[in-house]
Amino acid sequence: VQVAEPLQERELARSVRSLTPIADATSREVQAQYEDNPYPRWHRLPGLQGPSADPDEGPPEGKLLVAGCGTGRQALSAAIASPRKRVLAVDLSRASLAYAQRKAAGMGVRNLEFAHADLLALPATGLRFDAITSTGVIHHLRDPGEGLKALRALMAHDTGLKLAVYTESGRSEEHTSE
């Protein structure tokens, strides 16, 4: 585990498709942090074993973007829960994406693609999504409002954006358990 998996991830990181450059200075700082320490290093998805249906059975049920997928736990859960939905999961960190790809391959998930991209540059690709989820991401940006505008530009409809941020109050002793 401590030798074979990191070697496999280094190999996978070289082949991760890049959708955008990482040009923003703050984005590059965050990228460096997660290249050194992909987070979280998870081992299994509670209650989820793998795809519940063949993604090729029936028409696709839309496109979901997981913006800032990290090591892929949320993206894999979404892809497994909606096997006919096409899921694109993007992140700044190739190391995190490689971890996610390794986990997805081990679970046989076929309706999920991972790509290297900066959320701020993603609207220039012309991609549009029926639903977008971004958890724990935009507060890392130099200007979170700019990140929200970028997410809005990626939406194919006026609904379907799910956003979560870490707040100071959410980390207070009153809201945390030991």
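Mentor: Two strands pair if DSSP finds at least two bridges between them. Keep that in mind for this predicted model.

Trainee: How do you know that strand 1 and strand 2 pair?

Mentor: Count the bridges. Strand 1 (residues 63-67) and strand 2 (residues 86-91) share 5 bridges. The rule asks for at least two, so they pair. The sense is parallel.

Trainee: Which residue of strand 2 is the bridge partner of Leu64?

Mentor: Val87 is the partner of Leu64.

Trainee: What is the order of the strands in the sheet?

Mentor: The 5 strands run 3-2-1-4-5 in an open sheet, with parallel pairing.

Trainee: What makes strand 3 and strand 5 edge strands?

Mentor: Strand 3 (112-116) and strand 5 (161-164) each pair on one side only. Neighbouring strands of the sheet are turned by 15° on average, direction ignored.

Trainee: Which strands does helix 4 touch?

Mentor: Helix 4 (residues 94-107) packs on the sheet and touches strand 2 and strand 3. The direction of helix 4 makes about 165° with that of strand 3.

Trainee: Now Asp91. Why does Asp91 have no salt bridge?

Mentor: Asp91 sits in strand 2 and is buried. Arg94 is the nearest side chain of opposite charge, 10 Å away.

Trainee: What makes Gly70 a polar contact of Asp91?

Mentor: The backbone nitrogen of Gly70 lies 2.7 Å from a polar atom of the Asp91 side chain.

Trainee: Which other residues does Asp91 touch?

Mentor: Among them are Cys69, Ser96, Leu97 and His116.

Terms used:
Residues numbered from 1 in each chain as written. Predicted model: local features only at pLDDT ≥ 70, side-chain atom pairs only at ≥ 80, totals over all residues. Heavy atoms only, no water. Helix = DSSP H or I, 4+ residues; strand = E, 2+ residues; numbered from the N terminus. Axes fitted to C-alpha atoms, helices over the stretch in contact; angles between N-to-C directions. Contact = heavy atoms within 4.5 Å. Buried < 20%, exposed > 50% of the residue type's maximum accessible area, 1.4 Å probe, protein only. Lys, Arg positive; Asp, Glu negative; His and termini not counted. Salt bridge = Lys/Arg side-chain N within 4 Å of Asp/Glu carboxyl O. Polar contact = N/O pair within 3.5 Å; in protein donor to acceptor, adjacent residues only side chain to side chain. Lists of a residue's contacts leave out its neighbours within four places in sequence.
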